[in-house]
Amino acid sequence: MPQLASRMGRAKPSAIMAVAEKAKALKAAGRDIISFSIGVPNFLPGDHVYAAARAALDKDSGQYGSNRGSDALLDAFLAHIEAVGLTGYTRANCSTGIGAKHVLFNLAEALLDEGDTIAYAVPYWTTYADIADISNAKRLELPCPASQNYKLTPAQLEAALATKPKIFLFNNPNNPTGMVYTREEVAALADVLVRYPDTWIVADDIYNRMVFDGLGYHNFLHTQPALRDRLVFVDSLSKTYGMPGWRVGFMVGPESVAKAVTTLNSNHITNIPEVVTAAAIAALTGPQDVPTMRNAEFQAKRDSVMAVMNSIPGVICPRPQGAFYVFPDISCAFGKSHGSMRIDNDVDFCNALLEAKGVACVPGSAFGEPRALRISYTCPSAQLPEGMRRFQEFFAELA
Ligand SMILES: Cc1ncc(COP(=O)(O)O)c(C=O)c1O
């Protein structure tokens, strides 16, 4: 019998989706479940987005489109990134994909040869490890535990770059930790990056509009414009505009990279559909109150989750300032039990929490940090206090 390709032995289904599916199944079986598992924004885009999609449907000829993305879409994206200080780019610097995830896979294909190394901080968004494994690249994982606020230090970066990885993949604001690097922290990392010209820099900064406490979003290019010829910025409509299923992602960077990603598009997907393109343009160019309003709501939710985390003895939880995640270190629970359920690790903890209290969280090991778990707090506002109450109660009942 013929065998699957060996790469499939390295490919795993998304760990986050697995928890979400389990929670969904329990809900379908009649359990009262509160899900903090999947990272969906839980709001819908504005009416103008749907109106643009409907209008496009009326005149969509159903023909193939541009492999790079339509001119109007690229122009809308270029105007959008000017607001975060990324200026001076043209359409030739851009390309698109079926979500940022697809753009990242394309970048891996475009930039990595088999056996090359890709470096990134831990905790990481689960897909980074999958990208490395499926591309048959080596992972250089840089541990950033809660004790260092889940942030990469210049010294760690320096040591990593000295080994000449092909790609340094950076994610700010961060999934799963919600941490946001300050201007000074970004500048210090950028100062290291300029000294290592053999490494591509991929800034997966899709949460760049979701920053709280007036901290602002900062990019390596803001202080080190010289990095421009090897930095690729990745963006997405999924979280900012409440459009995860529309599947629109972008990149901007050196022309050679944008061209390579466009070539891969021409082979893999051909184009983003016209109706989706119209919706994307409307989101980028229309009223920007959706992301702004949601930021205020997310910041308030972050505060209520943090109040609970800070009240539980032994839980260590650096305070997130962006995205919509909280990532507490719950290892103080290891070695204890909830009723008859023994908790030896993060997976045991999440299973027992789901079983006993109907609260779904993602084990930190999915993000390379088995001492923690991820809470995605975008659930309906009314559910959050009840979910947090159950979380607190669960901890109080551990023996
Ligand atoms: C850090 C990060 N990058 C990329 C993505 C993928 O986004 P998209 O929906 O555009 O594929 C996600 C989604 O959760 C993410 O958290």
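1. The model under comment is a predicted one.

2. On the overall architecture, the protein comprises 14 helices and 14 strands. Its radius of gyration is 21 Å, close to the 21 Å that the globule rule gives for 399 residues, and the protein is therefore as compact as a globular protein of that length. Taken along the principal axes, the box filled by the C-alpha atoms is roughly 60 × 60 × 55 Å.

3. When contacts between residues at least 6 apart in sequence are considered, 74% of them join residues at least 24 apart.

4. The pair α4 and α11 deserves a description of its own. Helix α4 covers residues 71-82 and helix α11 covers residues 274-285; they pack at an angle of about 25°, and their axes are 9 Å apart. Angles under 35 degrees count as roughly parallel, so α4 is roughly parallel to α11.

5. Helix α4 contributes Ala72, Leu73, Ala76, Phe77 and His80, which meet Thr277, Ala280, Ile281, Leu284 and Thr285 of α11. By class, the contact of α4 with α11 has 7 nonpolar residues, 3 polar residues and no charged ones.

6. A second pair is formed by helix α12 (residues 289-311) and helix α14 (residues 383-396), whose axes lie 10 Å apart at an angle of about 15°. The two helices are therefore roughly parallel to each other.

7. One runs from valine 122 to proline 123, with omega near 5°; proline 123 is found in the loop between β3 (117-122) and α6. Another runs from asparagine 175 to proline 176, with omega near 25°. Proline 176 belongs to the loop between β5 (167-170) and α8 (183-193).

8. Positive phi values in residues other than glycine are also to be noted. Asparagine 42 has phi near 60° and is found in the loop between β1 (34-35) and α3 (47-59). A residue is buried if 20 or more other C-beta atoms lie within 10 Å of its own, and exposed if 12 or fewer do. Asparagine 42 has 17 C-beta neighbours inside 10 Å and therefore counts as partly exposed.

9. For tyrosine 150, phi is likewise positive, near 60°, in a residue other than glycine. This tyrosine lies in the loop between β4 (138-143) and α7 (154-161). Is tyrosine 150 buried or exposed? With 24 C-beta neighbours inside 10 Å, tyrosine 150 counts as buried.

10. Aspartate 133 is found in helix α6, which spans residues 127-134. Because 16 other C-beta atoms lie within 10 Å, aspartate 133 is partly exposed. Which residues does aspartate 133 touch, not counting those up to four places away in sequence? They are Arg10 and Ala11. Aspartate 133 and arginine 7 are 126 residues apart in sequence, yet their C-alpha atoms are 7.7 Å apart in space.

11. Alanine 55, in helix α3, is partly exposed, with 14 other C-beta atoms within 10 Å. Alanine 55 and glutamate 158 are separated by 103 residues in sequence and by 51 Å in space, C-alpha to C-alpha.

Note on methods. Residues numbered from 1 in each chain as written. Predicted model: local features only at pLDDT ≥ 70, side-chain atom pairs only at ≥ 80, totals over all residues. Helix = DSSP H or I, 4+ residues; strand = E, 2+ residues; numbered from the N terminus. Rg over C-alpha atoms; globule rule 2.2 N^0.38 Å. Contact = placed C-beta atoms within 7 Å. Axes fitted to C-alpha atoms, helices over the stretch in contact; angles between N-to-C directions. Parallel < 35°, antiparallel > 145°, perpendicular 65-115°, else oblique. Nonpolar A, V, L, I, M, F, W, Y, C, P; charged D, E, K, R; others polar.
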